[in-house]
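Have the sequence and the 3D view side by side.

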Amino acid sequence: MEYEEPKKCAICGAELRFVPAGVSKRTGKPYTAFWSCPNGCKSNSYKPPINTGSIILVDRVAALEEDVKEIKEDIKKIKDAIRKRWGIEAQG
Ligand SMILES: [Zn+2]
């Protein structure tokens, strides 16, 4: 991991917390890294210089998640087909 220089909150002066890029658990949408004030000051939502590596990684994870979703749907279709054809429950 790259070292991220600590930044200070423009409102309260507290040391900001670096939040690495990831995928929101709430919305499922990928987001870029940002700095967050531990005291919850809203005006610190400025973005640090764009870290292309992180963005590429987020994009790849999002693409993989999409692939997994499609594969799961395919497996479900195959299981349904097996059930219809032989009247048995597929394992798993
Ligand atoms: Zn603050």
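Leaving aside residues up to four places away in sequence, Arg17 touches Trp35, Ser36 and Pro38, where a contact means that two C-beta atoms, placed from the backbone, lie within 7 Å. Before going further, keep in mind that this is a predicted model: local features need pLDDT of at least 70, side-chain atom pairs count only at pLDDT 80 or more, and totals for chains, interfaces and linings use all residues. Residues are numbered from 1 along each chain as its sequence is written.

Arg17 sits in strand 1 (residues 17-19). Look across to Cys37 as well: it is 20 residues from Arg17 along the chain, yet their C-alpha atoms are separated by 6.1 Å. The scheme calls a residue buried if 20 or more other C-beta atoms lie within 10 Å of its own, exposed if 12 or fewer, and partly exposed in between, with C-beta atoms placed from the backbone.

Now step along to Pro20, in the loop between strand 1 and strand 2. Pro20 also has 15 C-beta neighbours inside 10 Å, so it counts as partly exposed.

Over in helix 1 (residues 52-86) you'll find Val58. Why does Val58 count as buried? Because 20 other C-beta atoms lie within 10 Å. Not counting residues up to four places away in sequence, Val58 touches Ala21, Gly22, Val23 and Pro30. Val58 and Thr32 are 26 residues apart in sequence, and 8.1 Å apart from C-alpha to C-alpha.

Zooming out, the protein chain has one helix and four strands, in the order β-β-β-β-α along the sequence. These are DSSP runs numbered from the N terminus: helices are H or I of at least four residues, strands E of at least two. Of the chain's 92 residues, 4% count as buried. Among contacts between residues at least 6 apart in sequence, 38% join residues at least 24 apart.

As for confidence, pLDDT is the predictor's own score for each residue, from 0 to 100. The chain's mean is 79, and 74% of its residues reach 70 or more. Among the elements, strand 2 (residues 22-23) has the highest mean pLDDT (86) and strand 4 (residues 34-36) the lowest (82). Where pLDDT is low, the predicted coordinates should not be read in detail.
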